[in-house]
Amino acid sequence: QIQGESAFNPVLRLGYNLTDWISLEAIGGVAIAEYNSTITNRRGRDNKPNAPIFEDPDLGEFDAEQRSLLTLQASLNAVLYPLSIFGDAQGQMHPFLTGGVGRMWYEMNSNYFDGASGANDFNFGGGLRILADKNISVRFEVIAHMHDIEFTPSENFTVRDEGTVVVPLYEYPINPADGSVTEQRPTKFDGSPGYNAGSLVLLNWSIGVQGSF
């Protein structure tokens, strides 16, 4: 189980007004954070040929991870200003709704994953623009991101002592029929190699400055 922490997330937006009440925005950003992992249902064996499998081994140095996480995001969003639809948008406050589609990429510093992984992303939310003058405004926004992400298992859990000690990455599922335990590479529910995809919901809030030209 992986638990992310709050991230620093600078974002650049480039928008084009189609009408007075709707615009399109191309969005690109990066998030820098840390994460914590919790290991449950533990089984293990000594790193020796034909060593027996045993229950609840002590957590080793790299099992409970607290590492860095880098996320890249890109999307195309529509921004709707409801007050402008009815021609009532002359004040300083301009609430808006936004939603769009894009892609997110994750790079986790982890012994369990091999390289970065990407996912198609759907986002929606809303916010408020406060006009400072005709061309400059302060923008408050809250957006939810929803997507499924699937990582690739590492070839080995770790390699130590200049390659002389190789610790493989295995899992130990229990056969419900007879209680036996199998040693195998990470395997999906359908029997194919790899990790199952996980569903993520991310909540992003931001304060920024917007210029209109």
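So, where is the place of leucine 14? Leucine 14 sits in strand β2, residues 11-17; strands here are DSSP runs of E, at least two residues, helices are runs of H or I, at least four, and both are numbered from the N terminus.

Quick housekeeping before I go on. This is a predicted model, where local features need pLDDT of at least 70, side-chain atom pairs count only at pLDDT 80 or more, and totals for chains, interfaces and linings use all residues. Residues are numbered from 1 along each chain as its sequence is written, and side-chain values use heavy atoms, with hydrogens and water left out.

Okay, back to leucine 14. It counts as exposed, at 66% relative accessibility; the cut-offs are over 50% for exposed, under 20% for buried, partly exposed in between, with a 1.4 Å probe and protein chains only. Leaving aside residues up to four places away in sequence, leucine 14 touches Leu24, Glu25 and Ala26, where a contact means heavy atoms within 4.5 Å. Its C-alpha is 8.3 Å from that of leucine 24, which is 10 residues away along the chain.

Now zoom out. The protein chain has 1 helix and 12 strands, and the order is β-β-β-β-β-β-α-β-β-β-β-β-β. The C-alpha trace spans about 75 × 40 × 20 Å along its principal axes. Of the 213 residues, 28% count as buried. And take contacts between residues at least 6 apart in sequence: 63% of them join residues at least 24 apart.

What about the core? In soluble globular proteins, nonpolar side chains tend to be buried together. The largest nonpolar core here has 13 residues, and Tyr106, Met108, Tyr112, Phe113, Phe151 and Tyr195 touch the most other members. Strand β7, residues 93-108, gives the most to this core, with 3 residues. By nonpolar core I mean buried Ala, Val, Leu, Ile, Met, Phe, Trp, Tyr and Cys residues joined through side-chain atoms within 4.5 Å.

Aspartate 161 has a positive phi of about 50 degrees, although it isn't a glycine. You'll find aspartate 161 in the loop between β10 (156-160) and β11 (165-168), and it counts as exposed because its relative accessibility is 53%.
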